[in-house]
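Here is a short briefing on a predicted model. Please look over the sequence and the structure before reading on.

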Amino acid sequence: MKITTDMIAVGGLVIALVAGIVLSAPAELLTGIVGGLSGYISKTVQQGGDVK
């Protein structure tokens with residue numbers, strides 16, 4: 001399996017989200033992280049689900 005920059009970005013966002021929840025980060029920060037993830041997911045769906 002090839003590691004792409006998209007996978008690294010999503011992995012980083014997921015780690016940041018989990019760490020934010022564990023460390024009780026402000027809701028604004030968590031909202032920003034979730035927004036980044038949802039934006040990536042919608043981009044992937046529009047491309048037919050094929051991450052390149």
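Residues are numbered from 1 along each chain as its sequence is written, and side-chain values use heavy atoms, with hydrogens and water left out.

**Overall**

- The chain has 2 helices and 0 strands. Helices (H or I, at least four residues) and strands (E, at least two) are DSSP runs, numbered from the N terminus.
- Of its 52 residues, 21% count as buried. Buried means under 20% relative accessible area, exposed means over 50%, and partly exposed lies in between (1.4 Å probe, protein chains only).
- Accessible areas come from the Shrake-Rupley method with a 1.4 Å probe; for residues, only the protein chains shown count as cover.

**Helix α1**

- Helix α1 covers residues 5–22.
- Its 18 residues should span 26 Å at 1.5 Å a residue, and its end C-alpha atoms are 26 Å apart, which agrees. The expected span is 1.5 Å times one less than the number of residues.
- Asp6, Val10, Leu17 and Gly20 are buried in α1. They sit on the same side of α1, because they cover an arc of only 90° around the axis. The arc is that of the directions from the helix axis to the C-beta atoms.
- An α-helix has 3.6 residues a turn, so residues three or four places apart point the same way.
- The other side of α1 carries the exposed residues Thr5, Ile8, Ile15 and Val22.
- The buried residues of α1 pack against α2, where contact means heavy atoms within 4.5 Å.

**Helix α2**

- Helix α2 (residues 27–46) has 20 residues. From first C-alpha to last, α2 reaches 28 Å, close to the 28 Å expected at 1.5 Å a residue.
- In α2, the buried residues are Leu30, Ile33, Leu37, Tyr40 and Thr44. Their arc around the axis is only 95°, so they lie on the same side of α2.
- Exposed residues Ala27, Glu28, Thr31, Val45 and Gln46 are on the face of α2 turned away from its buried side.
- The cover over the buried residues of α2 includes α1.

**The loop**

- Ser24 is in the loop between α1 and α2.
- Although not a glycine, Ser24 has a positive phi of about 55°. Most residues other than glycine have a negative phi.
- Ser24 counts as exposed, because its relative accessibility is 63%.

**Salt bridge**

- The structure holds 1 salt bridge. The term means a side-chain nitrogen of Lys or Arg within 4 Å of a carboxyl oxygen of Asp or Glu.
- Lys43 pairs with Asp6, and their closest N and O atoms are 3.7 Å apart. The pair links distant parts of the chain, with Lys43 in α2 and Asp6 in α1, 37 residues apart.
- Asp6 is buried at 17% relative accessible area, whereas Lys43 is partly exposed at 35%.

**Nonpolar surface patch**

- Val14, Val18, Val22 and Leu23 form a nonpolar patch on the surface, with about 390 Å² of accessible area together.
- Patches are made of residues with over 30% relative accessible area and no salt bridge: like charges are joined within 9 Å, nonpolar side chains (Val, Leu, Ile, Met, Phe, Trp, Tyr) within 5 Å.
- Val18 lies in α1 and is partly exposed, with a relative accessible area of 47%.

How values were computed
Predicted model: local features only at pLDDT ≥ 70, side-chain atom pairs only at ≥ 80, totals over all residues.
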